[in-house]
Amino acid sequence: MWTVGSRLMTATLFGIPASHPSLAAELMLRHKGVDYRRVDLVTALHRVLVRALGFPGSKVPALRIEGARVQGTRDISQALDTLWPEPPLFPADPARRKAVLEAEAWGDAVFQPVPRRIIWAGLKRDRSTITSYLEGARTGIPVAVAERTVAPIVAIATRANEANDANVRRDLAALPDLLDRVDELLGDGTIGGGELNAADFQIATSTALLATMDDMRPLLEGRAALDHAGRVAPGYPGRLPRVFPAAWLPAAD
C-alpha cells in the first residue's frame, strides 16, 4: 500500500503467465515505484475470471486500484500517469507526447497481436517446453499440474486468438516490416531514450516474446529492437524450439 496525497492506495494486477501485455503493465508499475500485488489467472479461462472479478471487459492486464478497475495497457498507462505523475510515462512536450502516444497505439493494435498469434500457433505444434513459459507464474497451481492440462488450454487460446495457419503465415511475412518500424522508433528517439516511456513498455515486451522463439532469432539478431527488448524486459520467460516450416519464415537481412 502507498499514499497519494492523503489517500492510502492499494493495487492488484491481474494477468496471465508470460503475457507480454501483462508484463508491460507490471513493468510500468515498477517504473512508477508503485507497490502492487500480482495475480495470474489461468490462460483462456481469464476471459471469464476477470468478469467475475468485477471488470467490465474480458481482457488482461486488469488493474484494480482502491476499488477502481482499469483494463488494457493503454488505459493503465494513462491511469498510472494521472495517479503518479513521476516518473512520467509520457513526455511533457506536446510533439514528443504525440509521438509516444502514436507509438504506444501502434504497439498495442498492430504489433502486439502478432507475437501472440505466433506463440500460440507454435505451442500448438510443440508443447514440450511450455512449462518454461510458466516460470515465475503466480496462479497458485503447481507447474506439474498445469503441465497436464495445457493441451485444451492451448487449443482454446489458439482458436480465441485466430492463430490459424493463414493468419500466422501473414504475420510471419509482415515481421521484417514490423521490426523495421521498431528500429525506426528507436532511431528517431521516440522510444529507447534515457527515460523509458509507455511506448517502450508496450513495444519491447512484444519483441521480448518473439525472442523466446528459436524461429524468430535470425530475424532479430543484430537489430536495435532486440537490444531494446533486453534492456526493457530482461529475462522474459520461455523458449520455443523451431516449429514452423522453413518456407513460412522470411529471410533475415
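Let's start at threonine 43, which touches Ile16, Pro17, Trp120, Ile153 and Ala157, leaving aside residues up to four places away in sequence. Keep in mind as you look around that this is a predicted model. You'll find threonine 43 in the loop between β4 (37–40) and α2. Is this residue buried or exposed? With a relative accessibility of 13%, threonine 43 counts as buried, because the cut-off for that is under 20%.

Now for the rings. A pair of aromatic rings is described by how far apart the centres are and by the angle between the planes. How many aromatic pairs does a search of the whole structure find? The search turns up three. One of them joins phenylalanine 14 and phenylalanine 55: the ring centres are 5.9 Å apart and the planes meet at 75°, so this pair is edge-to-face. Phenylalanine 14 belongs to strand β3 (residues 11–15), while phenylalanine 55 is in the loop between α2 (46–52) and β5 (62–65), so the pair ties together parts that are 41 residues apart in sequence. Phenylalanine 14 is buried, at a relative accessible area of 3%, and phenylalanine 55 counts as buried too, at 3% relative accessibility. Phenylalanine 55 has another neighbour to look at: arginine 69 lies over the face of its ring, 5.7 Å from the ring centre.

On we go to strand β6 (residues 68–71), which pairs with β5 in the antiparallel sense, over four bridges. Here isoleucine 65 stands opposite alanine 68 in β6. What do β5 and β6 form together? They make a hairpin with two residues between them, and in the turn glutamate 66 has a positive phi of about 45°.

One more stop takes us back to the aromatic pairs, this time to phenylalanine 244 and tryptophan 248. Their ring centres are 6.0 Å apart and their planes are at 25°, so this pair is stacked. Phenylalanine 244 counts as buried at 8% relative accessibility, and tryptophan 248 counts as buried at 13%.

Terms used
Residues are numbered from 1 along each chain as its sequence is written. This is a predicted model: local features need pLDDT of at least 70, side-chain atom pairs count only at pLDDT 80 or more; totals for chains, interfaces and linings use all residues. Side-chain values use heavy atoms; hydrogens and water are left out. Rings of Phe, Tyr and Trp (its six-membered ring) pair if their centres lie within 6.5 Å; planes under 30 degrees apart count as stacked, over 60 as edge-to-face and the rest as tilted. Buried means under 20% relative accessible area, exposed over 50%, partly exposed in between (1.4 Å probe, protein chains only). A charge sits over a ring if NZ of Lys or CZ of Arg is within 6 Å of the ring centre and within 35 degrees of the ring normal. Two strands pair if DSSP finds at least two bridges between them. Contact means heavy atoms within 4.5 Å.
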